[in-house]
Amino acid sequence: MNDTLPASTDALDGPDNDCPTLLLVDDDEVFRRVLTRALERRGYLVTPADSAENAYALASANPPEYAVVDLKMPGDSGLVLIEKLAALEAGTRIVMLTGYASIATAVEAIKLGATHYLAKPADADEIVAALQRTAGDATTPVADSPLSVDRLEWEHIQKVLAEHGGNVSATARALKMHRRTLQRKLGKRPVRE
């Protein structure tokens, strides 16, 4: 089954369709299907895609009003896709959704054109709220304690990885770490605070 095409392409072309269009990009098939249904129930016309490359092809043909983009996927990362989507249509509101959240990727996502950044797990209501947010929130709580050593290590690795354009070998050299050790650390989910 090809999950990169919308259930009904006629719905995208219809002039009477008032539903906002949303491109949902995630390589996890089950998550993508569940979230597609949840967002459709909330009034979005969802076009699912399983990779950045497929998503960009779909967006080029029909630029979406909204996009929810996973960070870590086979092929191009969500950061690459965010940059391309923002260049394609500056008005697209993009939320990055990731299970590999870090300060470095959040900063880069926003610089590249994302309007919000959410860590998984996030439910459909949180995603819709993020899509609709147009300003920052000065009342966001400030942490009472500093990051743990494990979390600081994760953040530092992500920062150096971003500085080296996602190149694992160059990052390992910069960190004076064996490449396999770095790959093992990158394969783990970040420590939650």
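The protein has nine helices and five strands, where helices (H or I, at least four residues) and strands (E, at least two) are DSSP runs numbered from the N terminus. Followed along the sequence, these elements come in the pattern α-β-α-β-α-β-α-β-α-β-α-α-α-α. The model is a predicted one, in which local features need pLDDT of at least 70 and side-chain atom pairs count only at pLDDT 80 or more, while totals for chains, interfaces and linings use all residues. Residues are numbered from 1 along each chain as its sequence is written, and side-chain values use heavy atoms, with hydrogens and water left out.

Of the 193 residues in the protein, 40% are buried; buried means under 20% relative accessible area, exposed means over 50%, and partly exposed lies in between (1.4 Å probe, protein chains only). The accessible surface comes to about 10900 Å², and 54% of it belongs to carbon and sulfur atoms. Among contacts with a separation of 6 or more, 65% are between residues 24 or more positions apart, a contact being heavy atoms within 4.5 Å.

We can now turn to the interior. In soluble globular proteins, nonpolar side chains tend to be buried together. A nonpolar core is a set of buried Ala, Val, Leu, Ile, Met, Phe, Trp, Tyr and Cys residues joined through side-chain atoms within 4.5 Å. The largest one here has 24 residues, of which Leu 23, Val 25, Val 69, Leu 85 and Met 96 touch the most other members. At least two residues of this core come from each of strand S1 (21-25), helix H3 (52-61), strand S3 (66-70), H4, strand S4 (93-98) and H5. Apart from this core lies another, of 18 residues, which includes Leu 35, Tyr 44, Val 46 and Tyr 66. When residues up to four places away in sequence are not counted, Val 69 touches Val 25, Gly 78, Leu 81, Ile 82, Leu 85, Ile 94, Val 95, Met 96 and Leu 97.

What space does the largest pocket hold, and which residues line it? The largest pocket holds about 600 Å³ of space and is lined by 21 residues, with Leu 71, Ser 77, Leu 79, Leu 161 and Gly 166 lying nearest its centre. On a 1 Å grid over the protein atoms alone, a pocket is an open set of points where a 1.4 Å probe fits, with protein on both sides within 12 Å along at least five of seven lines, and lining residues have an atom within 4 Å of a point. Helix H4 (78-88), helix H5 (103-112) and helix H7 (149-163) each supply at least two residues of the lining, and H7 gives the most, with four residues.

Val 80, in helix H4, is partly exposed because its relative accessible area is 30%. Gln 158, in helix H7, counts as buried because its relative accessibility is 7%. Leaving aside neighbours within four places in sequence, Gln 158 is in contact with Ser 102, Ala 104, Thr 105 and Leu 186.

Finally, consider the backbone. Most residues other than glycine have a negative phi, and most peptide bonds are trans. The peptide bond from Lys 120 to Pro 121, however, is cis, with omega near 0°, and Pro 121 is found in the loop between strand S5 (116-119) and helix H6 (124-132). Lys 176, although not a glycine, has a positive phi of about 55°, and this residue is in the loop between helix H8 (168-175) and helix H9 (179-187).

How values were computed:
Areas by Shrake-Rupley, 256 points an atom, 1.4 Å probe, with all protein chains shown as cover. Points joined across faces, edges and corners; volume = space filled by probe spheres on them.
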